[in-house]
Amino acid sequence: MKYGNIREEELKNKVEQDFFGKFDCTEIIKNIDFAVKAPLNPPEGGKNSPPSGELEGAYLLWAEAKQKSTDILAMLAQLVLTIGKARTFDEILPPPFLGCYDNEKIAFVPYSEVQDIFYQNDFNWKVAPSDHETREFKQVYAQIENIIQATPWQTYIFDFEKDEKELKRFIRENFVVGKTETSLIQIDKNNFISIYNRWVEVVKPTIASDWDLAKKAGIIDGDFYLADLLSIENETIREKLHVLLKTKYYELDKKRLETGFFAINRVDFKDNQKAHTQFWNRYKRPPKEEYWGYIVDRRDLIVPQDVRERKGSFYTPRIWVELSQKYLADVFGEDWQDNYYVWDCAAGTGNLLVGLTNKNNIWASTLDKQDVDVMKDRIESGANLWEQQVFQFDFLNDNFLPISKGGKLPDELFDIISDENKRKRLIIYINPPYAEAGDSKQRTGTGKNKSGTTTENITYERYKKSIGKASNELFAQFLTRIYCEISNCLIANFSKLKNLQSSNFQSFRRLFMAKLEKTFLIPANTFDNVRGQFPIGFFIWNTSEKDFFEQIQADVFDKHGHFECKKRIFNYDTTKGLIGKWLAGFQDKKNISLGMINSGRNDFQNQNVVFIQNEILATSHALTVNITIENLIPVSIYFAVRKAIPATWLNDRDQFLYPNEGWETDEEFQNNCLTYTLFNNNISSKHGVNHWIPFTESEVGSKGKFDSHFMASFISGKIIQNGYSNLFEQEEDKFCIKREFSKEATSVFDAGRELWKYYHAAISSPFGGGREGAVNASLYDIREYFQGRNDKGTMNNKSDDEKYNELVENLRIALKILAKKIEPKVYEYGFLKK
Ligand SMILES: C[S@@+](CC[C@H](N)C(=O)[O-])C[C@H]1O[C@@H](n2cnc3c(N)ncnc32)[C@H](O)[C@@H]1O
């Protein structure tokens, strides 16, 4: 082994000296252990010297270093998490290689191979990169493993000692800067955004524009970047783009005047184009032709986030575009494109219409002129649309007036929407913008709405009374205007399920009476920028059939587009009420409190905020109920019902309901729920008398006396005379029953008892290795005792005590089996609908 047992710092110095001596390895960026840069002052005319200084200081390698022999995948995973957490690539152009080394070997992987990992949806980049136990670490580890397995020839591994010569040759050949053409950085669909971020820092300030004013006028810097990117020798090669680079300046918004002359807005550089030239000297422009379409199409990704969110500009992933067109064919027949007209009135760059064949019948309109230009540009490169049928139209503000009468709608489309029979063959096919008034309010954190939010448009004003709270949402405004003003048409739209289910949409549902023909559901986080785990649906509505939505059987697809199952979606307006109303009926402020339950709102997405602890602050937004001897059973039912079925993206918006009476006579169900609750709560003896110990002292080998025997008494129906049993005595007649437990519940008690016993054995022998602990400990206290807390005060996931881990795992397994037993009853007693 070349480096033996030396400290990490020393190892880094040696690796630098032995292999990267020519380079600059002095800078440590954003927690990356080892970074190799092109030398700042390469020897004049020397081998590998950059030609113009443009590549000086460019990074060539970012690497993770470990003092001792370590798994390469683990080192790379840690590096990826470090980079992703700091989003280093947003500020600094990433190097061609990522790498890792320990005292025996070094490995390199091209950055381009792993960069997709940084752009994945719904990934928690906040985790500590060095914690190899997190779900995120394991996920990245597996992703890198897959990448390396798929392209093993792209990973280079060298033993410092045995492969010294090869390693030196590899570095010589690959860590070459400024070798003209070949070393220019290629732009592709993955790095065009990080290069844009760099462009914003370097080039944008040198363009003579007042960007704030420009933004107000709907002009964004991203279009200047696109003009730069898609150019040869500083001439933009895509003529239809909104902004064009004309060698030494930009041109935008070309308009033919009545005189026949063109009026053009010209924008110059403030610095004689110096920064621009230096910046673009590093990249190969234009990118390969195969990426042009994608980059123009994904203009949405370089629209500033606030503008994008305000306009709800999120792109429909290609697999859902294709699936939606398959569903359209299922409902309207194979020849649907010949028999129906299609209008996408929130078309963006026209992505939803890709794959449609009969352009005579397709119209596409959208809010931003720039997006219209992109669609026209795409037509030039083969998109299947007619230019006259692509137009700018603000669907929430503009009048339905034909061009021939001074309006914006192509006359033929106007004719269709004005003709009762043609309207019945018009499909408004859209993925409408998602934005909600409340969103921006919360985002600014000021409590005030940002200007330009969803409520500043004519459609909102026109329908807010009729559709109530739903009017805060852009997609509801689209659906309402379509429904009311293009009556009897067909609608095929993507959206959340709120219009079917949310209580805020009750008025909307009473207005929007249409037959829902077919629906599929897909995970929301497959869409850009959606992080949450909830369903998004595609809906085909026939508005000429007046129907009040009650339920539909939807097809469900997983994130890869594979059919998963069927699921019934309900409108809950007609049910007896939600589960919260049922729980509220058991509020008890008279009897002694055993603890409190926080109810969370009524759906699965709030599962995590259903909990039991000694006290809950009055600031909780959800209903909280005092737990007492009187309501212990219904509260336990509430708790178990809310927790027994795992929350998933698919059930996320399912509502728990006011149940039927079946549960009242089902003692086994009641006791199953009680058991589930006893071994799942956050009661702690640190915050008051612990009434929740389900065992006696002798059962668990306690050396001290418990303060309360309430729970053991409640379970056995026998009063244990001491401590707080009086809590029980007062109600002796009513509650003095011996509870029978199912075999699943009994297994939970058995597993729990072993845990308590293990704890009491540990605290009884402080001199035999155990630490001191409370005799009255609850399950939560026992977990805290063994698992401990991290620096931030959060309880660790595991303990160092293997025996304890095993006992807890046994309890978890037993609880899972019990949960399965409870599950069918949740449906039988109407807590959930199936
Ligand atoms: C969810 S995106 C869909 C884009 C594209 N059709 C797709 O499916 O990928 C919604 C689009 O509606 C546009 N939009 C927002 N408000 C609009 C309005 N009032 N009228 C027309 N289009 C609007 C946005 O700019 C955005 O491009």
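What we have is a predicted model, in which local features need pLDDT of at least 70 and side-chain atom pairs count only at pLDDT 80 or more, while totals for chains, interfaces and linings use all residues. Residues are numbered from 1 along each chain as its sequence is written, and side-chain values use heavy atoms, with hydrogens and water left out.

Let me start with the whole chain. Its secondary structure comes to 32 helices and 24 strands, these being DSSP runs, H or I over at least four residues for helices and E over at least two for strands, numbered from the N terminus. Of the 834 residues, 54% are buried, where buried means under 20% relative accessible area, exposed over 50%, and partly exposed in between, with a 1.4 Å probe and protein chains only.

Turning to charges, there are 39 salt bridges, each defined as a side-chain nitrogen of Lys or Arg within 4 Å of a carboxyl oxygen of Asp or Glu. One of them joins K567 and D654 at 2.6 Å, N to O; because K567 lies in strand β21 (residues 563–570) and D654 in the loop between α24 (632–644) and α25 (667–678), the pair ties together parts 87 residues apart in sequence. Both K567 and D654 are buried.
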